[in-house]
Amino acid sequence: MRPLITTGVLCISILTATAQQRVTAPVKDTLSRDTTQHPEISKVADLNEVIISSTRNNSRIADLPMKVEILGKEEMIEESGIKPGNVTSILGDLSVIHIQNTSAVSGNNAIRMQGLDGKYTQLLRDGLPVYEGLSGNFGVLAIPPLDLKQIEIIKGSVSTLYGGGAIAGMINFIAKTPGSKPELTILANRSTLKENNVNVWYSQRYGKTGLTLFAGVTSQNPVDVNDDGFSDVPRVRQYLLHPRFFWYPNANTTLVAGYTGTIEKREGGDMQVLDHHADNVHSYTEINNSERNSADIQFTRKNLGGGTLTVKGVASFFHLENIAGNFPLKGRQTSTYLEAAYNKKSGRHDWVIGLNNTGEIYRRATGDSTQLGNYTYNTMGAFAQDGFHITDKFMAEAGIRADYHNVFGWYVLPRLALVYKPIEDLSLRLSGGTGYKSPAIFSAQTQTIGYRNLLPLAAGLKSEKSQGLNFDANYHTTLGKVDVTLNQALYYTHITDPILPVTSASSEKVMLQNQPFAVNSLGTDTYVRFELDHLELYLGYNHTVSKYTDPASTRVAFAPQDKFAATLAYEIEEKWRFGIENSWIGNQYLETNQKAPNYWFWAAMVSRKLGEHVTLVANCENVFDARQGKHMPLFTGPVNNPQFAQLWGPIDGRTINLSVKFNL
């Protein structure tokens with residue numbers, strides 16, 4: 001549980017289905033170039049100096065016509081002591097992000113934004129798309145928060161800058177950079193669900209060179225929470241190494257080269273098998289063994305013709321062995337990305353132009369039993385954007401992208417965004433954009449249904465096309481000594497030719513097909529926040545209706561329609577932090593269009609600093625043990641061939657963890 005968040009936007013933690021839900025509240029942003037300050041967790045923070053790299057023009061958050069949510073450095077530090085092994089919980093805290101569990105035994109999950117399927121959200125690592133295709137469906141959230149400086153989230157279509165996949169939004173994981181002083185952090189964590197984490201972070205700058213290094217190990221033993229004989233938490237062995245090297249030949253030039261290596265072994269299923277006592281009846285397991293290696297490089301040259309040139313690229317190699325029961329999916333994927341972009345501020349204009357090339361090669365490995373075929377995709381793109389400061393209070397930003405896919409052809413994507421500040425304490429933002437999602441055999445949908453009966457992509461399959469609209473109004477003021485923030489957001493997305501899995505009644509084979517109807521997602525997010533000295537109160541409500549336009553008006557599955565949440569937090573500066581939170585999750589639908597049970601979710605935490613170098617965190621999630629397994633069996637059928645239920649809520653129950661962090 002995270003009662004307070006930091007930089008760029010102020011965030012309050014609200015609990016959702018699998019963890020907590022954080023709703024962000026931009027504080028007193030402005031289009032002017034003046035400095036606005038806000039008292040934060042321990043010191044005064046200059047909010048207008050928060051730099052957003054995801055917009056490609058390195059603008060301050062105050063100058064952006066699009067709504068950007070920031071989970072900043074202080075939040076990453078705090079999260080590293082609460083959930084050290086991955087970012088699943090911290091992303092699930094956001095108001096319109098829902099983390100969907102896709103397997104009751106292996107623990108895989110998918111990200112949903114604005115009530116839409118996970119395939120419509122684009123994930124980046126330092127602005128690079130390394131989570132596409134096969135590699136985007138297994139272990140993508142295994143990024144330790146200790147390795148991150150911030151996470152940037154843009155809701156709604158940003159396909160003009162980042163390509164067609166960013167229909168529901170984009171999430172960019174930004175790694176730390178070396179500071180002026182050496183930094184060493186050692187963290188150890190243990191949870192009641194038999195999870196152990198040991199993470200180490202080191203950074204130092206040596207004049208014109210610098211180094212950052214993250215190394216982490218996660219060990220998780222299987223747990224059968226509901227005593228049905230199958231694991232609700234899998235066995236996990238994960239090893240991660242992420243060094244980055246920095247060269248600063250002069251004040252205007254930076255060259256960064258990095259490597260990321262992750263080895264993960266994940267196994268769930270029949271507890272008797274996991275305890276090494278398999279027999280003819282007890283034989284079912286699901287195994288995910290994966291290896292991810294990527295090398296990236298980025299060159300930045302400032303003051304080049306009055307602007308900044310950025311050239312960056314990545315080559316990523318992913319190998320997966322996925323065995324469900326006795327059925328193996330084995331594949332290798334090579335992904336490449338190369339981009340050159342130039343941005344310049346000229347008068348009232350903020351220009352961005354660029355070219356990029358994306359490649360994806362998938363090859364079946366020896367022993368693969370699927371019917372899927374090999375493929376080679378390549379997409380070339382060009383983009384341009386102009387942010388025009390019409391007045392000091394009004395800005396318009398227009399952009400366009402043209403992509404050519406070697407299999408699915410041409411796409412042209414326009415976009416327009418506006419921001420207006422009629423008074424100092426009120427900001428109004430409106431943006432609209434288009435996008436596309438080319439057909440993909442590996443997605444959150446296919447991961448949920450499995451690959452045993454999945455057929456290859458059919459000839460003539462069309463790309464999905466989208467139009468989206470987002471509005472946000474934010475008002476910030478003070479009533480005496482009480483700081484008040486009120487935020488109202490509205491969003492709408494329309495997707496044509498949606499690709500859905502269709503099962504043959506005669507053969508049980510599954511094929512991805514374009515549907516003759518569309519997808520509509522319409523939502524509103526409202527919250528109010530009060531702060532008095534070191535006491536905070538948050539009240540929020542999110543309402544999202546996501547439907548297909550078929551005759552039955554079928555609901556999009558696993559997208560909660562209603563969320564109400566409240567948070568109360570208190571801090572004794574530089575010593576203690578306390579918090580208690582709850583949320584109500586309601587009107588969520590399954591793939592059968594049946595409504596799942598509603599439920600409450602509670603959490604509590606306490607943090608204690610011991611001097612300057614040691615921090616202890618005790619955290620309890622799901623205090624009252626809300627679990628899907630209390631309402632229904634999580635599997636049906638014989639033990640050696642189980643059929644697992646669709647997951648709509650938490651299955652791991654109450655969790656308590658204790659972490660200790662040393663900063664040297």
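Predicted model: local features only at pLDDT ≥ 70, side-chain atom pairs only at ≥ 80, totals over all residues.
## How confident is the model?

The chain has an average pLDDT of 86, and 89% of the residues score at least 70. Residues 1-48 are another matter: their pLDDT is below 50, although this stretch has 219 contacts in the model beyond near neighbours in sequence. Keep that in mind when you look at the start of the chain.

## A sheet and the helix across it

Let's begin with an open sheet of four strands, arranged in the order S7-S11-S12-S10 with mixed pairing. At its edges are strand S7 (68-71) and strand S10 (121-125), each of which pairs on one side only. From one strand to the next, the twist averages 15°.

Strands of a sheet are held in pairs by backbone hydrogen bonds, and they can run parallel or antiparallel. In which sense do strands S11 and S12 pair? Strand S11 (residues 148-155) and strand S12 (residues 169-175) are antiparallel, with seven bridges between them.

Helix H1 (residues 73-82) lies across S7 and S11, and runs at about 110° to S11. How many of the 10 residues of H1 are buried? The count is seven, so the helix is mostly covered, given that buried means under 20% relative accessible area. Among these buried residues are Glu 75, Met 76, Gly 81 and Ile 82.

## Salt bridges

Side chains of opposite charge can pair when their charged atoms come close. The structure holds 22 salt bridges, and three of them are set out here.

| Salt bridge | N to O distance |
|---|---|
| Lys 345 and Asp 350 | 3.6 Å |
| Asp 483 and Arg 529 | 3.4 Å |
| Arg 529 and Glu 536 | 3.1 Å |

The partners in the Lys 345 and Asp 350 bridge sit in contrasting surroundings. Lys 345 has a relative accessibility of 42%, so it counts as partly exposed, while Asp 350 is buried, with a relative accessible area of 3%.

Now turn to Asp 483 and Arg 529, whose salt bridge has its closest N and O atoms 3.4 Å apart. This pair links distant parts of the chain: Asp 483 belongs to strand S27 (residues 482-496) and Arg 529 to strand S30 (residues 519-532), and the two are 46 residues apart. Both Asp 483 and Arg 529 are buried.

Arg 529 also meets Glu 536 in a salt bridge. Is Arg 529 buried or exposed? Its relative accessibility is 0%, so Arg 529 counts as buried. Glu 536, at 5%, counts as buried too. Through shared partners, salt bridges join Asp 483, Arg 529, Glu 531 and Glu 536 into one network.

## Aromatic pairs

Across the whole structure there are 19 aromatic pairs. Why does the pair of Tyr 362 and Tyr 375 count as stacked? The ring centres are 5.6 Å apart and the planes meet at 25°; planes under 30 degrees apart count as stacked. Because Tyr 362 lies in strand S21 (residues 349-364) and Tyr 375 in strand S22 (residues 375-389), the pair ties together parts that are 13 residues apart in sequence.

Tyr 362 is buried, with a relative accessible area of 0%, and Tyr 375 counts as buried at 12%. Tyr 375 has another stacked partner in Tyr 377: here the ring centres are 4.5 Å apart and the planes are at 25°. Like Tyr 375, Tyr 377 is buried. Ring pairs go on to link Tyr 362, Tyr 375, Tyr 377, Phe 408, Phe 442 and Tyr 451 into a cluster.

Thr 308 has its place in strand S19 (residues 307-324). With a relative accessible area of 14%, Thr 308 is buried. Setting aside neighbours within four places in sequence, its contacts include Thr 300, Arg 301, Ala 341 and Tyr 342.

Trp 584 lies in strand S33 (residues 576-586). At 24% relative accessibility, Trp 584 counts as partly exposed. Not counting residues up to four places away in sequence, Trp 584 touches several residues, including Asp 562, Phe 564, Tyr 599 and Trp 600.

Definitions and conventions: Residues numbered from 1 in each chain as written. Heavy atoms only, no water. Pairing = 2+ DSSP bridges. Axes fitted to C-alpha atoms, helices over the stretch in contact; angles between N-to-C directions. Contact = heavy atoms within 4.5 Å. Salt bridge = Lys/Arg side-chain N within 4 Å of Asp/Glu carboxyl O. Buried < 20%, exposed > 50% of the residue type's maximum accessible area, 1.4 Å probe, protein only. pLDDT = per-residue confidence, 0-100. Phe/Tyr/Trp six-rings, centres within 6.5 Å; stacked < 30°, edge-to-face > 60°.
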